[in-house]
Amino acid sequence: MASTVDSAAEQLSKLGIDGAFADSAPNLKKNLHLLSSEQVHVELAKMLMEMGQSHLFEKWAAPGVDDNEKRAFFDQVAKLNSSYPGGLKSYIKTARELLADSKAGKNPFDGFTPSVPTGEVLKFGDDTFINYEQAGVKEAKNAAFVLVAGGLGERLGYNGIKVALPAETTTGTCFLQNYIECILALQESSCRLAEVSNLAISNVNASVYEEVSTFMLLSSNNIYLKFVGKCQEIPFAIMTSDDTHSRTQELLESNSYFGMKPTQVKLLKQEKVACLDDNDARLAMDPKNKYRIQTKPHGHGDVHALLYSSGLLKEWHDAGLKWVLFFQDTNGLLFKAIPASLGVSATKQYHVNSLAVPRKAKEAIGGITRLTHADGRSMVINVEYNQLDPLLRATGFPDGDVNCETGYSPFPGNINQLILELGPYMEELKKTGGAIKEFVNPKYKDASKTSFKSSTRLECMMQDYPKTLPPSAKVGFTVMDTWLAYAPVKNNPEDAAKVPKGNPYHSATSGEMAIYCANSLILRKAGAQVDEPVQEVFNGQEVEVWPRLTWKPKWGLTFSEIKNKVSGSCSVSQKSTMVIEGHNVILEDLSLNGALIIDSVDDAEVRVGGKVQNKGWTLEPVDHKDTSVPEEIRIRGFKINKLEQLEKSYSEPGKFSLKP
Ligand code: UGB
């Protein structure tokens, strides 16, 4: 080993490193022989020295000790370098700038004045809504969906991945299954609509469609027509991280991709970024390993760079797709809002459309805001929940983030569902590589702002994509009722119970109750008489308990579809549960007071009516601390007691009637 060290001068020249430069990291200099075979490692070592990172080698052992760990260090640096647009050098440079701004207390919105923007405000079930839904379903065949699911969900504290949590426990359907079934239902509806238009235009004979998927079509006079045709598959990408990747893959594989073709689903794993120890952006060492740099998640904004660098965007563009829809991991209502919001994008030709809901002041969702700069520039953008209050106070709104006379913040709440038009999106990403404006949020030890309580890192958010767009870009937003569009599961039971009265809990309890509420209100709007909810307290949260109504997305993804399947005089009592698993189930003069479970194959048409009366399914409180109950159940504070139900399954094609 000594001879290796002795020949350091020779190695330095061979590696193109000058002596003085290497002297600043004597331990690296001693270990240079480890680099000689890997040119890329040499370049990285030089870059680290140039960028003031010699401390990374301070604790390195003498040559011959931990050599594999030292090589692994450079492998890690290579990965950090290649997974960041512009490389590690650019990461450190940006970090220095942002840390200096943060130390100086510079407002990221300096020069901008906030005001309330105008956007498309939709009212569920009216003609405009129905027309937008129809336009959205038509466009869906030209869309790709992207789920960002790399977050660990620290606020929720659940031990599994969030997409594996049941969205509701009446059927136990997990979020990922629900999302996939919604995309498949949209795919089929969109295909069906295209076939109907084709038929109308060219009177094509159904037999020309040989290849394959069979579906039923409900014509305007309620006659089912059968078609065989090939539907364009809607691509589905999921961004994962080291924290979620393998468990997401397992969940998909062990459930046969919930009915989607495996080739239709693409997993893109985001990498973490280097942590920073001080205002000079010195990279932080992993406290458990002196040969590793500490890393933390970079945020959901990574999704843009990953879609670009993976080539997926180009693939979608080349396949003629037009829209990319982004969504988050635990919103069981989301797809009720998708058809209409996609319809808004298509009709208004928005390059960017953000979905929003009325926002309660201080609610942990960003506010959609128009920012106008003193120089005349203006943009409509999300201002994150922790930035909205200080921005307002600094710009002439002394009360900050407060509700107005409507009882809500005047700024619509961003629910981080974005619809981007693919063409302009590709053009923009060709320029930026998908890099998104970042921010840093160090927790300083004291007012001098010279040291941090713990290491920090740069972060980015997917909704900040429009920040680099030119003023000519068409950026809009669509506001829907919260009950229809937004009920995320983010908070653990303890934190949810402490949420100020009137603000949403965003817990597993409220997320599930919101699904029953939405389905009840939709069925009401479709003409059924649905009883009022009762108030109950689960895990310290007071919630409205509506009848537990659930249906598969293929039964009704849009309001018109659902309306077509509810006829006569239907009524549902508060204690009732209904599970519709079939496609062509029609509720006709049904009086439900108990539990009813219907399953049917797609070729069966089942008319359900008459009086269904039984003991039904009840909700039994459980304590979230009771570890004898599975975690996914106890975090919602109740379990379902299945006392009695009417359950029917139709496995053969044909016309059936269920009238007990
Ligand atoms: N996520 C990733 O995929 N990777 C990451 O590195 C981090 C997250 P959170 P938060 O609408 O509900 C967002 O943690 O802080 C995924 C918006 O910024 O739930 O609540 C993660 O898996 C905010 O403006 O985000 O805030 C999850 O699917 C507001 O709109 C998603 O990113 C709010 O969500 C969001 O992660 C909301």
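This is a predicted model: local features need pLDDT of at least 70, side-chain atom pairs count only at pLDDT 80 or more; totals for chains, interfaces and linings use all residues.

**Salt bridges, a buried glutamine and a parallel sheet**

I begin with a pair of charged residues: the side chains of Lys 269 and Asp 242 meet in a salt bridge, with N and O 2.8 Å apart. Lys 269 belongs to strand S7, residues 265–269, while Asp 242 sits in the loop between strand S6 (236–240) and helix H10 (245–253), so this pair ties together parts that are 27 residues apart in sequence. Lys 269 is partly exposed, its relative accessible area being 25%. Asp 242 is also partly exposed, at 46% relative accessibility.

The mean pLDDT of the protein is 91, and 91% of its residues reach 70 or more. Two stretches call for caution. Over residues 1–6 the pLDDT is below 50, and this stretch has seven contacts in the model beyond near neighbours in sequence. The pLDDT is also below 50 over residues 203–228, where the model has 53 contacts beyond near neighbours in sequence.

Let me return to the charged pairs. How many salt bridges does the count come to? The count comes to 33 salt bridges. One of them joins Arg 359 and Asp 401, whose closest N and O atoms are 3.0 Å apart. This pair links distant parts of the chain, 42 residues apart: Arg 359 is in strand S13 (residues 352–359), and Asp 401 is in the loop between helix H14 (385–394) and strand S16 (409–421). Both Arg 359 and Asp 401 are buried.

Another salt bridge is formed by Glu 512 and Arg 636, with the closest N and O atoms 2.8 Å apart. Glu 512 lies in helix H18 (residues 508–525) and Arg 636 in the loop between helix H20 (631–634) and strand S31 (638–642), so parts that are 124 residues apart in sequence are tied together. Are these two residues, Glu 512 and Arg 636, buried or exposed? Glu 512 is buried, at 0% relative accessibility, and Arg 636 is buried as well, with a relative accessible area of 1%. As for the opening pair, Lys 269 and Asp 242 belong to one network with Lys 79 and Glu 271, joined by salt bridges that share partners.

I turn now to the sheet. Four strands form an open sheet in the order S23-S26-S28-S32, and their pairing is parallel. Strand S23 (548–551) and strand S32 (646–650) stand at the edges with a single partner strand each, so one side of each has no neighbour in the sheet. Direction ignored, neighbouring strands here are turned by 5° against each other on average. Four bridges join S23 to strand S26, residues 577–580. Arg 548 stands opposite Thr 577 in S26. Helix H18, the helix that holds Glu 512, lies across S23 and S26 and runs at about 80° to S23.

Gln 328 is found in the loop between strand S12 (323–327) and helix H13 (334–348). Gln 328 has a relative accessible area of 17% and is therefore buried, the cut-off being under 20%. Which side chain does Gln 328 join in a polar contact? The partner is Asn 416, at 2.6 Å. Leaving aside neighbours within four places in sequence, Gln 328 is in contact with several residues, including Leu 147, Tyr 179, His 300, Met 462 and Lys 490.

Conventions: Residues are numbered from 1 along each chain as its sequence is written. Side-chain values use heavy atoms; hydrogens and water are left out. Helices (H or I, at least four residues) and strands (E, at least two) are DSSP runs, numbered from the N terminus. Buried means under 20% relative accessible area, exposed over 50%, partly exposed in between (1.4 Å probe, protein chains only). A polar contact is a pair of N or O atoms within 3.5 Å; within protein, one must be able to donate a hydrogen and the other to accept it, and residues adjacent in sequence count only if both atoms are side-chain atoms. Contact means heavy atoms within 4.5 Å. A salt bridge is a side-chain nitrogen of Lys or Arg within 4 Å of a carboxyl oxygen of Asp or Glu. Two strands pair if DSSP finds at least two bridges between them. Axes are lines fitted to C-alpha atoms, for helices over the stretch in contact, and angles run from 0 to 180 degrees between N-to-C directions. pLDDT is the predictor's confidence in each residue, from 0 to 100.
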